[in-house]
Amino acid sequence: MGPAQVTKPAHLARTFRLPSSGASSVSRPTSLEEIGVEACERRKTGIGEFDRVLGGGLVPGGLVLVGGDPGIGKSTLLLQALDLLATNDSPALYVTGEESPEQVRLRADRLRITSAKVLVYAETRADAIVAAVEAQPPRALVIDSIQSVFDPSLDSAPGSVSQIREVSARFLYLAKARGVPTLLVGHVTKDGALAGPRVLEHLVDTVLYFERSTGSPYRILRAHKNRFGSTNEIGVFEMRETGLGEVENPSALFLSERPTDAPGSVVIPAMEGTRPILVEVQALVNPTAFGTPRRTCLGFDNNRAALLVAVLEQRAGLQLLGCDVFVNVAGGLELQEPAGDLAVALALASSLAAQPIPTGWLAFGEVGLAGELRSVAQTKLRILEGAKLGFTDAVLPNNAMDGLSSPSEGLRLHPVKTLAEAVDLVLQR
Ligand code: TYD
Ligand code: MG
(Lines give C-alpha, C1' and ligand atoms only; values in the text may rest on other atoms or scores of the structure.)
(Ligands and ions follow the chains in the order given, each with its own letter.)
Protein backbone atom coordinates (compact mmCIF):
# COMPACT_ATOMS: atom_id res chain seq x y z
CA MET A 1 0.00 0.00 0.00
CA GLY A 2 1.22 3.47 -0.80
CA PRO A 3 1.36 6.34 1.64
CA ALA A 4 -1.99 7.36 3.00
CA GLN A 5 -3.66 10.16 1.14
CA VAL A 6 -4.07 13.18 3.35
CA THR A 7 -6.86 15.38 2.15
CA LYS A 8 -7.04 18.84 3.66
CA PRO A 9 -10.48 19.98 4.71
CA ALA A 10 -11.81 22.51 2.23
CA HIS A 11 -11.66 25.43 4.63
CA LEU A 12 -8.01 24.80 5.50
CA ALA A 13 -6.99 24.46 1.89
CA ARG A 14 -8.50 27.82 1.23
CA THR A 15 -7.03 29.37 4.35
CA PHE A 16 -3.49 28.51 3.51
CA ARG A 17 -3.56 29.03 -0.23
CA LEU A 18 -1.29 31.98 -0.78
CA PRO A 19 -2.52 34.99 -2.66
CA SER A 20 -0.97 35.89 -5.98
CA SER A 21 0.00 39.37 -4.85
CA GLY A 22 0.81 41.10 -1.56
CA ALA A 23 3.49 40.55 1.04
CA SER A 24 2.48 37.02 1.96
CA SER A 25 3.25 35.75 -1.57
CA VAL A 26 6.90 35.35 -0.46
CA SER A 27 6.87 31.61 -0.04
CA ARG A 28 10.23 30.79 1.41
CA PRO A 29 11.68 30.63 4.89
CA THR A 30 12.71 34.08 6.09
CA SER A 31 15.18 34.97 8.83
CA LEU A 32 13.66 36.66 11.86
CA GLU A 33 15.82 39.69 11.18
CA GLU A 34 14.47 40.10 7.66
CA ILE A 35 10.84 40.15 8.68
CA GLY A 36 9.54 43.69 8.67
CA VAL A 37 7.12 44.78 11.37
CA GLU A 38 6.24 48.23 10.03
CA ALA A 39 3.02 46.81 8.69
CA CYS A 40 2.08 45.59 12.16
CA GLU A 41 1.69 48.99 13.76
CA ARG A 42 -1.23 48.98 16.14
CA ARG A 43 -4.37 50.80 15.21
CA LYS A 44 -5.71 52.33 18.37
CA THR A 45 -9.45 52.62 18.64
CA GLY A 46 -9.11 55.56 20.99
CA ILE A 47 -11.35 53.79 23.50
CA GLY A 48 -8.72 53.32 26.19
CA GLU A 49 -10.40 50.39 27.95
CA PHE A 50 -10.86 48.54 24.64
CA ASP A 51 -7.29 49.18 23.49
CA ARG A 52 -5.96 47.94 26.81
CA VAL A 53 -7.73 44.60 26.49
CA LEU A 54 -6.58 44.27 22.87
CA GLY A 55 -3.00 44.68 24.07
CA GLY A 56 -2.56 48.24 22.80
CA GLY A 57 -4.90 48.44 19.82
CA LEU A 58 -5.89 46.40 16.80
CA VAL A 59 -3.22 44.71 14.73
CA PRO A 60 -3.47 44.80 10.93
CA GLY A 61 -4.57 41.36 9.82
CA GLY A 62 -5.56 40.43 13.36
CA LEU A 63 -8.78 38.45 13.74
CA VAL A 64 -10.69 39.21 16.94
CA LEU A 65 -13.75 37.38 18.18
CA VAL A 66 -16.05 39.33 20.49
CA GLY A 67 -18.51 37.18 22.41
CA GLY A 68 -21.21 38.04 24.92
CA ASP A 69 -24.86 37.74 25.85
CA PRO A 70 -27.48 39.40 23.67
CA GLY A 71 -28.02 43.04 24.58
CA ILE A 72 -24.75 43.42 26.41
CA GLY A 73 -23.43 46.02 23.98
CA LYS A 74 -21.28 44.23 21.40
CA SER A 75 -22.75 46.07 18.42
CA THR A 76 -22.62 49.36 20.31
CA LEU A 77 -18.96 49.01 21.27
CA LEU A 78 -17.86 47.95 17.80
CA LEU A 79 -19.75 50.72 16.04
CA GLN A 80 -18.21 53.27 18.40
CA ALA A 81 -14.77 51.77 17.78
CA LEU A 82 -15.20 51.79 13.98
CA ASP A 83 -16.20 55.44 13.99
CA LEU A 84 -13.06 56.34 15.91
CA LEU A 85 -10.81 54.14 13.77
CA ALA A 86 -12.00 55.30 10.39
CA THR A 87 -10.51 58.25 8.59
CA ASN A 88 -11.86 60.11 5.60
CA ASP A 89 -9.29 58.47 3.32
CA SER A 90 -9.76 55.06 4.80
CA PRO A 91 -13.33 54.25 5.84
CA ALA A 92 -14.31 51.35 8.08
CA LEU A 93 -16.81 48.67 7.11
CA TYR A 94 -19.63 47.43 9.33
CA VAL A 95 -21.30 44.32 7.93
CA THR A 96 -24.68 43.74 9.49
CA GLY A 97 -26.30 40.35 9.08
CA GLU A 98 -28.92 40.71 11.75
CA GLU A 99 -30.11 44.27 11.73
CA SER A 100 -31.22 46.40 8.82
CA PRO A 101 -29.10 49.41 7.80
CA GLU A 102 -31.88 51.59 9.24
CA GLN A 103 -31.52 49.95 12.62
CA VAL A 104 -27.78 50.51 12.50
CA ARG A 105 -28.38 54.13 11.56
CA LEU A 106 -30.75 54.56 14.51
CA ARG A 107 -28.12 53.21 16.85
CA ALA A 108 -25.52 55.47 15.29
CA ASP A 109 -27.81 58.48 15.83
CA ARG A 110 -28.16 57.51 19.44
CA LEU A 111 -24.38 57.28 19.73
CA ARG A 112 -24.09 60.63 17.93
CA ILE A 113 -22.14 59.02 15.11
CA THR A 114 -23.12 60.49 11.78
CA SER A 115 -19.84 60.33 9.96
CA ALA A 116 -19.44 59.29 6.36
CA LYS A 117 -16.36 57.33 7.39
CA VAL A 118 -18.32 54.25 8.40
CA LEU A 119 -19.81 52.17 5.60
CA VAL A 120 -22.70 49.89 6.45
CA TYR A 121 -23.26 46.76 4.41
CA ALA A 122 -26.31 44.58 5.01
CA GLU A 123 -25.12 41.26 3.60
CA THR A 124 -24.95 37.67 4.77
CA ARG A 125 -23.30 35.92 1.81
CA ALA A 126 -19.62 35.39 2.53
CA ASP A 127 -18.63 35.78 -1.14
CA ALA A 128 -20.20 39.21 -1.43
CA ILE A 129 -18.54 40.41 1.77
CA VAL A 130 -15.14 39.13 0.67
CA ALA A 131 -15.55 40.83 -2.71
CA ALA A 132 -16.47 44.14 -1.09
CA VAL A 133 -13.44 44.02 1.19
CA GLU A 134 -11.12 43.12 -1.67
CA ALA A 135 -12.47 45.93 -3.82
CA GLN A 136 -11.78 48.48 -1.11
CA PRO A 137 -9.91 47.15 1.94
CA PRO A 138 -11.34 49.07 4.91
CA ARG A 139 -9.36 50.42 7.84
CA ALA A 140 -11.18 47.92 10.00
CA LEU A 141 -13.93 45.37 9.40
CA VAL A 142 -16.74 44.28 11.71
CA ILE A 143 -18.87 41.22 10.95
CA ASP A 144 -22.00 41.36 13.12
CA SER A 145 -22.45 38.42 13.56
CA ILE A 146 -20.38 35.48 12.35
CA GLN A 147 -23.39 33.20 12.88
CA SER A 148 -25.43 35.15 10.35
CA VAL A 149 -22.92 34.86 7.50
CA PHE A 150 -23.00 31.80 5.26
CA ASP A 151 -21.62 30.24 2.12
CA PRO A 152 -24.48 29.17 -0.19
CA SER A 153 -22.25 26.57 -1.86
CA LEU A 154 -22.27 24.49 1.33
CA ASP A 155 -25.22 22.25 2.04
CA SER A 156 -25.51 23.06 5.72
CA ALA A 157 -27.75 25.76 7.11
CA PRO A 158 -26.50 29.23 8.09
CA GLY A 159 -25.30 29.22 11.70
CA SER A 160 -24.35 25.53 11.64
CA VAL A 161 -20.94 24.40 12.82
CA SER A 162 -19.55 23.72 9.35
CA GLN A 163 -20.81 27.07 8.02
CA ILE A 164 -19.27 29.00 10.90
CA ARG A 165 -15.97 27.16 10.49
CA GLU A 166 -15.89 27.73 6.79
CA VAL A 167 -16.74 31.42 6.77
CA SER A 168 -14.47 32.17 9.75
CA ALA A 169 -11.56 30.59 7.90
CA ARG A 170 -12.34 32.79 4.92
CA PHE A 171 -12.33 35.91 7.04
CA LEU A 172 -9.06 34.80 8.59
CA TYR A 173 -7.52 34.46 5.17
CA LEU A 174 -8.98 37.76 4.05
CA ALA A 175 -7.70 39.57 7.14
CA LYS A 176 -4.17 38.21 6.76
CA ALA A 177 -3.97 38.69 3.01
CA ARG A 178 -5.26 42.26 3.05
CA GLY A 179 -3.94 43.35 6.44
CA VAL A 180 -7.41 44.34 7.57
CA PRO A 181 -8.09 44.17 11.32
CA THR A 182 -11.27 42.14 11.55
CA LEU A 183 -13.70 41.85 14.44
CA LEU A 184 -16.21 39.02 14.45
CA VAL A 185 -19.21 39.21 16.75
CA GLY A 186 -20.07 35.79 18.18
CA HIS A 187 -23.20 34.78 20.01
CA VAL A 188 -22.95 32.82 23.19
CA THR A 189 -25.07 29.86 24.15
CA LYS A 190 -27.16 29.73 27.31
CA ASP A 191 -24.29 28.34 29.34
CA GLY A 192 -21.97 31.13 28.21
CA ALA A 193 -19.81 29.36 25.62
CA LEU A 194 -19.40 30.84 22.16
CA ALA A 195 -22.02 29.32 19.93
CA GLY A 196 -20.44 27.31 17.17
CA PRO A 197 -17.36 25.19 17.22
CA ARG A 198 -14.50 25.55 19.64
CA VAL A 199 -12.33 25.57 16.56
CA LEU A 200 -13.36 29.19 16.18
CA GLU A 201 -11.42 30.03 19.32
CA HIS A 202 -8.33 28.30 17.98
CA LEU A 203 -8.61 29.95 14.61
CA VAL A 204 -8.76 33.58 15.70
CA ASP A 205 -5.93 35.61 17.21
CA THR A 206 -7.90 37.11 20.04
CA VAL A 207 -11.02 36.08 21.94
CA LEU A 208 -12.76 38.74 24.00
CA TYR A 209 -15.81 38.26 26.18
CA PHE A 210 -18.16 40.97 27.25
CA GLU A 211 -19.65 40.22 30.66
CA ARG A 212 -21.71 41.82 33.35
CA SER A 213 -23.17 40.89 36.67
CA THR A 214 -26.94 40.72 36.45
CA GLY A 215 -28.75 44.00 36.56
CA SER A 216 -25.59 46.08 36.69
CA PRO A 217 -25.04 48.87 34.15
CA TYR A 218 -21.35 48.00 34.19
CA ARG A 219 -19.75 45.75 31.63
CA ILE A 220 -16.41 44.02 31.83
CA LEU A 221 -14.48 43.19 28.69
CA ARG A 222 -12.04 40.37 29.26
CA ALA A 223 -9.48 38.71 26.99
CA HIS A 224 -9.60 34.91 27.07
CA LYS A 225 -6.94 34.48 24.44
CA ASN A 226 -4.68 37.07 22.89
CA ARG A 227 -1.81 36.43 20.52
CA PHE A 228 -0.97 40.14 20.69
CA GLY A 229 -1.17 40.89 24.37
CA SER A 230 -1.87 39.75 27.90
CA THR A 231 -5.04 37.91 28.84
CA ASN A 232 -5.07 39.42 32.30
CA GLU A 233 -6.32 42.83 31.31
CA ILE A 234 -9.90 43.88 31.78
CA GLY A 235 -11.76 46.87 30.41
CA VAL A 236 -14.61 48.38 32.41
CA PHE A 237 -17.52 50.13 30.70
CA GLU A 238 -20.82 51.63 31.68
CA MET A 239 -23.88 51.55 29.40
CA ARG A 240 -25.22 55.07 29.21
CA GLU A 241 -27.92 56.82 27.19
CA THR A 242 -25.37 57.66 24.53
CA GLY A 243 -23.53 54.38 24.31
CA LEU A 244 -20.76 52.72 26.24
CA GLY A 245 -18.62 55.00 28.35
CA GLU A 246 -15.27 54.07 29.81
CA VAL A 247 -15.06 53.73 33.54
CA GLU A 248 -11.83 55.47 34.29
CA ASN A 249 -11.73 54.72 37.96
CA PRO A 250 -12.86 51.12 38.44
CA SER A 251 -11.69 51.08 42.07
CA ALA A 252 -14.19 53.77 43.03
CA LEU A 253 -16.85 51.88 41.11
CA PHE A 254 -16.26 48.53 42.77
CA LEU A 255 -16.22 50.13 46.22
CA SER A 256 -19.16 52.45 45.70
CA GLU A 257 -21.72 50.22 47.37
CA ARG A 258 -19.54 48.99 50.17
CA PRO A 259 -21.25 48.99 53.54
CA THR A 260 -19.34 50.91 56.19
CA ASP A 261 -18.62 49.28 59.51
CA ALA A 262 -20.01 45.92 58.45
CA PRO A 263 -18.28 42.81 59.79
CA GLY A 264 -16.90 40.51 57.12
CA SER A 265 -15.94 43.17 54.56
CA VAL A 266 -12.31 43.74 53.60
CA VAL A 267 -10.81 45.66 50.70
CA ILE A 268 -7.90 44.29 48.72
CA PRO A 269 -5.88 46.08 46.06
CA ALA A 270 -5.98 43.30 43.46
CA MET A 271 -3.94 43.29 40.26
CA GLU A 272 -6.02 42.94 37.12
CA GLY A 273 -3.31 42.60 34.51
CA THR A 274 -1.02 45.57 34.86
CA ARG A 275 -3.47 47.65 36.82
CA PRO A 276 -4.39 47.62 40.50
CA ILE A 277 -8.11 47.66 41.26
CA LEU A 278 -9.56 47.90 44.73
CA VAL A 279 -12.02 45.11 45.31
CA GLU A 280 -14.27 44.34 48.26
CA VAL A 281 -14.23 40.81 49.65
CA GLN A 282 -17.19 39.78 51.78
CA ALA A 283 -17.48 36.79 54.06
CA LEU A 284 -20.30 35.40 56.12
CA VAL A 285 -19.71 32.78 58.79
CA ASN A 286 -22.65 30.97 60.29
CA PRO A 287 -22.82 27.93 62.62
CA THR A 288 -23.81 24.84 60.62
CA ALA A 289 -27.31 23.74 61.54
CA PHE A 290 -26.77 20.11 60.57
CA GLY A 291 -24.66 17.96 58.26
CA THR A 292 -21.42 18.94 56.57
CA PRO A 293 -20.42 22.61 56.77
CA ARG A 294 -20.80 24.45 53.49
CA ARG A 295 -18.03 26.33 51.75
CA THR A 296 -19.59 28.46 49.06
CA CYS A 297 -17.61 31.04 47.14
CA LEU A 298 -18.42 33.46 44.34
CA GLY A 299 -15.42 34.96 42.58
CA PHE A 300 -12.99 33.01 44.76
CA ASP A 301 -11.73 29.45 44.60
CA ASN A 302 -13.63 27.04 46.89
CA ASN A 303 -10.57 24.94 47.66
CA ARG A 304 -8.56 28.00 48.54
CA ALA A 305 -11.29 29.11 50.93
CA ALA A 306 -11.35 25.68 52.58
CA LEU A 307 -7.58 25.92 53.01
CA LEU A 308 -7.84 29.37 54.60
CA VAL A 309 -10.52 28.11 57.01
CA ALA A 310 -8.19 25.31 58.12
CA VAL A 311 -5.25 27.70 58.55
CA LEU A 312 -7.39 30.14 60.56
CA GLU A 313 -8.48 27.29 62.79
CA GLN A 314 -5.05 25.71 63.28
CA ARG A 315 -2.71 28.68 63.23
CA ALA A 316 -4.81 31.57 64.45
CA GLY A 317 -7.03 29.76 66.93
CA LEU A 318 -10.37 30.62 65.34
CA GLN A 319 -13.27 28.20 65.70
CA LEU A 320 -14.48 27.93 62.13
CA LEU A 321 -14.64 24.26 61.26
CA GLY A 322 -18.20 23.82 62.48
CA CYS A 323 -19.43 26.81 60.51
CA ASP A 324 -20.89 27.39 57.08
CA VAL A 325 -18.65 29.78 55.20
CA PHE A 326 -19.68 32.05 52.35
CA VAL A 327 -17.25 34.24 50.42
CA ASN A 328 -18.23 36.75 47.78
CA VAL A 329 -16.12 39.10 45.69
CA ALA A 330 -18.31 42.14 45.10
CA GLY A 331 -18.94 43.57 41.63
CA GLY A 332 -18.76 40.24 39.80
CA LEU A 333 -14.97 40.22 39.72
CA GLU A 334 -12.85 37.11 40.14
CA LEU A 335 -10.09 37.13 42.69
CA GLN A 336 -7.64 34.58 41.39
CA GLU A 337 -4.28 35.74 42.65
CA PRO A 338 -2.82 34.43 45.93
CA ALA A 339 -2.61 38.03 47.15
CA GLY A 340 -6.32 37.74 47.92
CA ASP A 341 -5.70 35.20 50.71
CA LEU A 342 -5.14 37.67 53.52
CA ALA A 343 -8.22 39.74 52.66
CA VAL A 344 -10.43 36.63 52.52
CA ALA A 345 -8.99 35.28 55.77
CA LEU A 346 -9.50 38.61 57.55
CA ALA A 347 -13.03 38.88 56.18
CA LEU A 348 -13.77 35.43 57.64
CA ALA A 349 -12.24 36.35 60.99
CA SER A 350 -14.13 39.64 61.04
CA SER A 351 -17.44 37.94 60.31
CA LEU A 352 -16.84 35.29 62.96
CA ALA A 353 -15.97 37.91 65.57
CA ALA A 354 -18.88 40.10 64.41
CA GLN A 355 -16.46 43.02 64.40
CA PRO A 356 -15.82 45.23 61.39
CA ILE A 357 -12.20 45.83 60.53
CA PRO A 358 -11.24 49.51 60.94
CA THR A 359 -12.45 51.81 58.17
CA GLY A 360 -9.79 52.96 55.75
CA TRP A 361 -7.81 49.72 56.03
CA LEU A 362 -6.92 47.34 53.27
CA ALA A 363 -5.06 44.04 53.25
CA PHE A 364 -3.19 41.83 50.82
CA GLY A 365 -0.75 38.93 50.93
CA GLU A 366 -0.51 35.20 50.35
CA VAL A 367 -1.21 32.88 53.28
CA GLY A 368 0.89 29.72 53.64
CA LEU A 369 -0.13 26.48 55.34
CA ALA A 370 2.06 27.27 58.34
CA GLY A 371 0.07 30.45 58.83
CA GLU A 372 2.92 32.57 57.49
CA LEU A 373 2.36 35.55 55.21
CA ARG A 374 4.18 35.59 51.91
CA SER A 375 4.94 38.60 49.81
CA VAL A 376 3.26 39.15 46.47
CA ALA A 377 4.11 41.08 43.32
CA GLN A 378 3.50 44.80 42.79
CA THR A 379 3.37 45.96 46.39
CA LYS A 380 4.08 49.55 45.47
CA LEU A 381 1.32 49.80 42.85
CA ARG A 382 -1.22 48.33 45.22
CA ILE A 383 -0.34 50.79 47.96
CA LEU A 384 -0.47 53.77 45.62
CA GLU A 385 -3.94 52.78 44.42
CA GLY A 386 -5.13 52.54 48.03
CA ALA A 387 -3.73 55.96 48.85
CA LYS A 388 -5.36 57.42 45.74
CA LEU A 389 -8.77 56.26 46.93
CA GLY A 390 -8.33 57.70 50.41
CA PHE A 391 -7.34 54.59 52.35
CA THR A 392 -5.19 55.21 55.41
CA ASP A 393 -3.71 51.86 56.46
CA ALA A 394 -2.52 48.68 54.81
CA VAL A 395 -1.82 45.27 56.32
CA LEU A 396 0.79 43.50 54.25
CA PRO A 397 3.37 40.72 54.51
CA ASN A 398 6.56 41.71 56.29
CA ASN A 399 8.66 40.45 53.38
CA ALA A 400 6.86 42.75 50.98
CA MET A 401 8.50 45.72 52.71
CA ASP A 402 11.89 44.82 51.19
CA GLY A 403 10.87 45.98 47.76
CA LEU A 404 9.65 49.36 49.02
CA SER A 405 12.22 52.10 48.84
CA SER A 406 10.38 54.87 50.68
CA PRO A 407 7.27 55.03 52.88
CA SER A 408 4.31 55.27 50.56
CA GLU A 409 2.09 58.25 49.94
CA GLY A 410 0.66 58.80 53.39
CA LEU A 411 -0.55 55.23 53.82
CA ARG A 412 0.40 53.73 57.19
CA LEU A 413 1.90 50.30 56.57
CA HIS A 414 1.45 47.44 59.02
CA PRO A 415 3.87 44.66 58.05
CA VAL A 416 2.98 41.32 59.65
CA LYS A 417 4.69 37.93 59.59
CA THR A 418 1.78 35.63 60.33
CA LEU A 419 -1.95 35.43 59.83
CA ALA A 420 -2.47 35.33 63.60
CA GLU A 421 -0.60 38.62 63.92
CA ALA A 422 -2.77 40.15 61.23
CA VAL A 423 -5.98 39.00 62.95
CA ASP A 424 -4.78 40.45 66.27
CA LEU A 425 -3.98 43.72 64.56
CA VAL A 426 -7.40 44.33 63.03
CA LEU A 427 -9.68 42.70 65.62
CA GLN A 428 -9.89 42.76 69.40
CA ARG A 429 -9.61 39.29 70.80
P1 TYD B 1 -26.31 46.14 21.63
O2 TYD B 1 -25.04 46.83 21.28
O3 TYD B 1 -27.34 46.05 20.57
O4 TYD B 1 -26.02 44.70 22.22
P5 TYD B 1 -25.54 43.35 21.48
O6 TYD B 1 -25.03 43.72 20.13
O7 TYD B 1 -24.48 42.79 22.38
O8 TYD B 1 -26.73 42.45 21.44
O9 TYD B 1 -26.88 46.88 22.94
C10 TYD B 1 -28.18 46.73 23.24
C11 TYD B 1 -28.54 47.28 24.59
O12 TYD B 1 -27.88 48.46 24.96
C13 TYD B 1 -30.00 47.65 24.51
O14 TYD B 1 -30.63 47.04 25.62
C15 TYD B 1 -30.06 49.13 24.56
C16 TYD B 1 -28.80 49.51 25.25
N17 TYD B 1 -28.24 50.79 24.78
C18 TYD B 1 -28.12 51.85 25.67
O19 TYD B 1 -28.50 51.77 26.83
N20 TYD B 1 -27.56 53.03 25.24
C21 TYD B 1 -27.15 53.19 23.95
O22 TYD B 1 -26.64 54.25 23.59
C23 TYD B 1 -27.28 52.07 23.03
C24 TYD B 1 -26.85 52.18 21.62
C25 TYD B 1 -27.83 50.90 23.50
MG1 MG C 1 -25.82 43.16 18.27
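Residues are numbered from 1 along each chain as its sequence is written, and chains are lettered from A and ligands numbered from 1 in the order in which they are written. In this predicted model, local features need pLDDT of at least 70 and side-chain atom pairs count only at pLDDT 80 or more, while totals for chains, interfaces and linings use all residues; side-chain values use heavy atoms, with hydrogens and water left out.

Helices and strands are DSSP runs numbered from the N terminus, a helix being H or I over at least four residues and a strand being E over at least two. Two strands are taken to pair if DSSP finds at least two bridges between them. On this basis, strand 7 (residues 218-226) pairs with strand 8 in the antiparallel sense, over five bridges. Within this pairing, L221 stands opposite G235 of strand 8. Strand 8 (residues 234-240) is also antiparallel to strand 9 (residues 243-246), with four bridges between them. A hairpin of two residues joins strand 8 to strand 9. Across these two strands, R240 has G243 of strand 9 as its bridge partner, and F237 stands opposite E246 of strand 9.

A residue is counted as near a molecule or strand if one of its heavy atoms lies within 4 Å of it. There are 16 residues around ligand 1, of which G71, S75, T76, R240 and G243 come nearest. Polar contacts were defined as pairs of N or O atoms within 3.5 Å; within protein, one atom must be able to donate a hydrogen and the other to accept it, and residues adjacent in sequence count only if both atoms are side-chain atoms. An oxygen atom of ligand 1 lies 2.6 Å from a polar backbone atom of G243. For G71, a backbone N or O atom is 2.7 Å from an oxygen atom of the ligand. R110 contributes a polar side-chain atom, placed 3.3 Å from a nitrogen atom of ligand 1.

Rolling a probe the size of a water molecule over the atoms shows where empty space is left. The search used a 1 Å grid over the protein atoms alone: a cavity is a set of points where a 1.4 Å probe fits but cannot get out, and lining residues have an atom within 4 Å of a point. Grid points are joined across faces, edges and corners, and a volume is the space filled by probe spheres set on the points. Two cavities of 30 Å³ or more are present in the structure. The largest cavity holds about 90 Å³ of space. Its lining comprises 14 residues, and R258, D261, S265, I357 and P358 are the closest to its centre. Strand 10 (residues 265-272) supplies three residues, the largest share of this lining.

Accessibility was classed by relative accessible area, with buried under 20%, exposed over 50% and partly exposed in between (1.4 Å probe, protein chains only). R165 is located in helix 6 (residues 161-178) and is partly exposed, at a relative accessible area of 32%. The C-alpha atoms of R165 and L203 are 8.9 Å apart in space, although the two residues are 38 apart in sequence. R170, also placed in helix 6, is buried at 13% relative accessible area. Its side chain makes a polar contact of 3.2 Å with the side chain of D151.

Several backbone features occur in loops. The peptide bond joining D144 and S145 is cis, with omega about 10 degrees, and S145 belongs to the loop between strand 4 (141-144) and helix 6. R112, in the loop between helix 4 (101-110) and strand 3 (118-122), has a positive phi near 60 degrees in a residue other than glycine. R112 is exposed, with a relative accessible area of 66%. A354 likewise has a positive phi, near 55 degrees, and lies in the loop between helix 10 (341-353) and strand 14 (361-363). A354 counts as exposed at 54% relative accessibility.

Conventions:
1 Å grid on protein atoms, 1.4 Å probe; cavity = no way out; pocket = protein on both sides within 12 Å on 5 of 7 lines; lining within 4 Å.
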